[in-house]
Amino acid sequence: MTPRVKAPWSLLVAFMSIALVITACQSQPAGTTASQAPADQADPNGELVTNMGAEPDTIDPQKESFVQEIGVTMKVFEALMTPSLKDGKPIPAAAKDQPKVSSDGTEYTYTLRDGLKFSDGSPVTPADFKYGWERLCDPTTAGDYAFTGYIVKGCEKWNEMDTKKASKADLDAARQAFLDNIVTTNNAITFKLTEPAPYFNSIAAIWVGVPVKKAAIDKGGDKWTEPATFIGNGPFKLTEWKHNEKMTFERNDNFVGHDGQKAKLKKWTQVMINEGAVAFAAYRNNELDIYPVAAEDLRTIQGDADLTKQTVDGPGSCTFYIGFNNKKAPFTDPNVRVAFAKSFDRDQWVKDIIGGIGKPATSFIPPGIPGYDAEDTFQKFDPTAAKAALAKASPEATAALANLKVTYSSSARNKTRLEWFQQQWKTNLGVNVALDPVDATTYTQLVKKPETLPTMFLLGWCSDYYDQQDWLTTVFSSKASSARVGYTSKQFDDLVFAGDKELNPQTRDQDYQKASRLLSQDAAAAFIYYDATKLLEKPWVKNYSITSLGFEEAHFTDAYVTKKP
Amino acid sequence: MLSYVIRRVLLMIPTLFFVAFITFVLAHSAPGSPFDKNQNRPLPEATIERLNRLYGIDQPIQNQFVLYLNNLVHLDLGSSLVKDRTVADIIGSEFPVSAQLGLQALFIALAIALPLGIVSALKQNTGIDYASLLFATIGTTIPAFVIAIFAIFLFGVNLRWFPFIGWGNGCGPLPSCDLKRMAMPTVILSLGAMAFLTRITRASMLEAIRQDYVRTARSKGLREQVVIVGHVVKNAMIPVATIIGPATAGLITGSFIIEWMFNVPGLGREFVLSINRRDYPLIMGVYMLYATLIVIANLTVDIVYGWIDPRIKLGR
C-alpha cells in the first residue's frame with residue numbers, strides 16, 4: 001500500500017507539461033491524419049471509445065447522482081421524456097407525446113409509445129415506470145436523488161420515514177399512500193402532484209424515474225446492476241463491466257427511438273482512466289476517440305496543427321461564484337457584497353485563468369438553460385463603482401474587512417485561482433484577503449451547513465434539468481435544499497415560489513427573470529464564470545453532440561463513427 | 001517451535017484489535033461524511049441525514065465500533081458507503097490484482113537487487129560498484145509517478161512498444177498472460193524496492209565481509225566460494241530478510257501511484273480514494289487486511305531467521 005503520496009495530481013500536471021512539450025515536438029503516431037478518412041459514411045459496426053474517468057459508484061438509476069453514472073443509465077434506459085438537443089425543453093421519448101396536464105396543473109398523464117421493449121425482448125409497461133418511481137421514493141433504496149420525486153404526492157412522507165424505528169404497518173401504509181398517487185392503465189401512467197409544478201415534465205426527462213424490471217432486480221439482488229440483470233429499454237445494453245477498468249455497451253436491437261431510429265453505433269466502450277495526462281496520451285495513441293481538454297493542455301494543443309483541428313467547443317452546465325456568508329460580517333452589508341461582486345475583471349479571468357474554456361458570468365443561470373439573461377450585467381467589473389460601494393459600508397462591516405479570508409477546496413489549480421482573486425481585491429478594493437485551503441471532503445462539509453459556512457468561499461452549481469426552478473429555488477430560496485449563502489429575501493422567495501407554480505410559461509419566465517436580477521443586485525454571491533466543454537475529437541467521430549447535461553437521448557443515438565483509417 | 005508459532009498467532013488478536021481501534025477512531029475523526037460527494041451539486045441536508053441514519057453513522061462512535069467489531073468477528077466487512085458493492089466483493093476482486101502485480105515486482109526486484117548488491121560489495125569501489133550505487137540512488141530519489149509518466153510517453157506513445165492502460169485479463173495459465181500490458185507497471189513498481197534492496201544487500205555484505213568468522217574461515221583454507229556463499233552471504237541476508245517481509249506486504253497490497261497511472265484495477269488506488277471519500281467500511285477493511293498481512297509477514301521473517309542463523313533461538 002502506498003498512501004505516502006495523497007495528491008500527486010498537481011505535480012503530475014507540471015511534469016506532464018514537460019513531457020508533452022517534449023513529445024509535441026516529435027512526429028504524430030500514424031493514422032491521425034484526417035485526409036485518410038473515407039467519406040462521411042457511418043460504419044455499421046462502428047465502435048466509439050471514450051473515457052469515463054473514475055468508476056461509477058453505482059449505476060442504479062434510482063440511487064445515482066454523478067454525471068458519469070447518469071451517462072451509463074441513460075444509454076441503457078429511456079425515460080418518458082428527454083431534453084431536446086435544441087433548447088433543452090422536454091420532448092417525448094418513451095412517451096408518445098407531451099403529457100396531458102389537468103386544468104389545475106397537478107396531474108400529469110403520459111401515454112407510452114406502442115411496442116416498447118426491454119433489451120431482453122419483454123414489453124415495457126406503465127407498471128415498470130411505476131416500479132422505478134416506487135424504488136426512487138422507497139426509503140430503503142436510500143437514493144441520492146429521491147428528493148426530485150417529492151413533488152409527487154406521498155413520496156416525501158414515505159421517503160423520510162426512519163426505516164429502523166417506524167413499524168412495518170406504518171411503512172406499508174405510507175408506501176400504499178404514495179403508490180395510490182401514481183395511476184397506471186395498460187398504456188398510460190398518471191402522476192398526482194402536491195402542487196402545480198410545470199418543471200415536473202423536466203423531471204420526467206431525467207434518470208430518476210426510468211422503468212426498471214422488477215424480475216431482474218429481484219433476481220440480481222444487490223448485484224442487479226451487473227450486465228446479466230441490468231436490463232433496460234434504452235438504445236444500448238451493458239454487455240461487460242470490468243470493475244475499475246471499462247464498461248462495454250452494445251446497440252440494443254429491441255430499441256426503436258421516437259424518430260424510428262436505433263443507435264448508430266454498434267459498440268460504445270467507456271474506459272476508466274483517472275489521470276487526465278494518461279487519458280491525453282491514450283487519445284494521441286488512438287486508444288481514445290474523444291478527450292475533454294483541460295486548461296493545462298491548451299499549450300500543447302495550440303502547438304500541434306492536427307490537435308488544433310480536432311478541437312470542438314460546446315456548452316457546460318455549471319456557474320461558479322464567490323459565495324458570501326450573508327449572515328456574517330462584513331457580508332451582512334449589501335454594499336460590501338456589491339463591492340466585491342464588481343471588483344474583479346471577469347474577462348481577464350476567462351482569458352488568463354481558465355484558458356478561454358468558459359464565459360464571464362454576471363448572473364446565475366448559464367447560457368443554454370432557460371432563464372439565462374444576457375442583459376443582467378449589474379455585477380460587471382467596475383472598480384470605481386466597487387470602491388464607491390465599499391465606501392458606503394457600515395463601520396462594523398468596514399472593521400470586519402481587516403481579517404477576511406477566503407476558504408476553498410485545496411488543490412494547485414484552486415490555489416492559482418484564489419491567488420488571482422487575492423490580487424484583484426488588493427488592487428481594486430484595497431482589501432487584503434487571506435487564503436484558507438481545506439481538503440475537499442472537509443470543504444463540502446463546511447459549505448453545506450449554515451453554522452459552519454465560511455465567510456467567503458469558491459463554489460459552483462451545476463444543472464440537473466433544464467429549468468429555472470433547479471437553479472433559483474433550489475439554491476437561493478428559503479426552501480433551498482442545502483444552506484448555501486444564507487441569503488434571505490422575502491421578495492425573492494415570493495417571485496420564485498410564484499414561478500414554480502405558474503402555469504403560463506411567459507408569466508413564469510418573467511417571475512424567474514425578476515428574481516434572478518434581484519439576486520444579482522443583492523449580490524447574494526459574486527458570479528464569476530460559466531464553464532464550457534472543449535473536446536478533442538478524432539476525425540472519424542461524427543455527430544457527437546456536446547450538451548450541457550450530456551444525457552439527452554439524441555446524444556447517444558445520433559453519434560457514429562466512420563471507418564477508422 | 002510449534003508452541004512459539006501458536007503463541008505468536010494468538011498475539012495477533014490484540015494487535016489487530018488495536019489496529020482496528022486506532023484506525024476506526026482516526027477515520028471517523030476526519031471531518032466530512034461519505035455523502036459529501038460533490039461540492040457543486042451537493043445533496044440536500046435532509047437527504048444526508050437520512051442516509052447517515054440508514055447506515056448508522058449518526059450513532060455514537062463507540063456504538064459504531066462495537067457493531068463493527070461484532071461484524072468483523074463474524075467475518076462481515078460490511079458494505080461500502082459510496083459504492084454499491086460490499087467490501088468483501090471489492091477486496092476479493094482487487095486484492096488478487098494488486099497481489100499479482102506486487103509479487104511480480106518483488107520477484108524482479110529480488111532477482112536484480114541481490115546479485116547486484118552482492119557483486120558490488122565484493123567489488124567495492126570498482127566501476128560496477130559505482131554503477132550500482134548510481135542506480136540505487138536514482139531508483140530511490142526519482143518518484144515512481146515521474147518515471148511512470150516518462151515511460152508512458154516514451155514506450156507507450158512514441159515507441160509504441162507497450163500498451164499502458166489497464167491490466168488485461170490478469171494471468172490464468174501463463175500463455176494467457178497479457179505480459180506486454182503488465183510490463184511497465186510491474187517494472188516501475190519494482191524499481192523502488194530494487195534500489196532499496198540493492199543498497200541494503202551491499203551494506204550488510206560489506207559488514208559481514210569484515211567479520212572475524214570470515215577471516216577464520218579464510219584462514220582455515222576454505223575455498224573463496226564457500227566463504228562467500230556459506231559465511232558472508234548467509235549472514236548478510238538477515239537484515240535483508242527483515243526488510244523483505246514488510247516490503248512484500250507493502251507491495252502486494254497495492255501501490256496507489258502505479259495503479260493510478262496505469263489504470264490497474266487494484267486495491268492501492270481504491271484504498272487511497274476511500275480515505276479521501278470517508279468510506280469508513282472500505283478504509284477499515286483494507287487496513288485490517290494490510291495489518292494482518294504485515295503481522296503474518298513479520299512472523300514469517302522471524303521463523304526464517306532461525307533457519308538463516310541458528311543462533312537466533314525462537315521461543316525463549
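Residues are numbered from 1 along each chain as its sequence is written, and chains are lettered from A, with ligands numbered from 1, in the order in which they are written. As the model is predicted, local features need pLDDT of at least 70 and side-chain atom pairs count only at pLDDT 80 or more, while totals for chains, interfaces and linings use all residues.

Let me begin with confidence. pLDDT is the predictor's confidence in each residue, from 0 to 100. Chain A has a mean pLDDT of 89, and 92% of its residues reach 70 or more. Over residues 1–38 of chain A, however, pLDDT stays under 50.

Next, the overall form of chain A. Its secondary structure comes to 20 helices and 19 strands; helices (H or I, at least four residues) and strands (E, at least two) are DSSP runs, numbered from the N terminus. The C-alpha atoms of chain A fill a box of roughly 70 × 65 × 50 Å along the principal axes. The radius of gyration, taken over C-alpha atoms, is compared with a globule rule of 2.2 Å times the number of residues to the power 0.38. For 565 residues a compact globule would have a value near 24 Å, and the 25 Å of chain A agrees with this.

A residue is buried if 20 or more other C-beta atoms lie within 10 Å of its own, exposed if 12 or fewer, and partly exposed in between, with C-beta atoms placed from the backbone. By that criterion, 50% of the 565 residues of chain A count as buried. Two residues are in contact if their C-beta atoms, placed from the backbone, lie within 7 Å. Among the contacts in chain A with a separation of 6 or more, 70% are between residues 24 or more positions apart.

I turn to the interface. Here 59 residues of chain A are in contact with 52 residues of chain B. On the chain B side, helix H6 (144–158) is one of the helices that each supply at least two residues, and H6(B) gives the largest share, nine residues. That side of chain B divides into 25 nonpolar, 17 polar and ten charged residues. In this count Ala, Val, Leu, Ile, Met, Phe, Trp, Tyr, Cys and Pro are nonpolar, Asp, Glu, Lys and Arg are charged, and the others, Gly among them, are polar.

Chain B itself is divided into domain 1 (2–73) and domain 2 (88–308), with bounds from an automatic or database domain assignment. The centres of these two domains of chain B, taken over C-alpha atoms, are separated by 31 Å. Their contact takes 15 residues from domain 1 of chain B and twelve from domain 2 of chain B. Helix H1 (residues 2–29) of chain B supplies the largest share of the domain 1 side, ten residues.

Finally, the backbone. Most residues other than glycine have a negative phi, and most peptide bonds are trans. The peptide bond from Ala329(A) to Pro330(A) is cis, with omega near 5°, and Pro330(A) is found in the loop between strand E12 (311–324) and helix H11 (334–341) of chain A. Asn543(A) has a positive phi, near 60°, and counts as partly exposed because it has 15 C-beta neighbours inside 10 Å. Leu75(B) also has a phi near 60°, but this residue counts as exposed, with 7 C-beta neighbours inside 10 Å.
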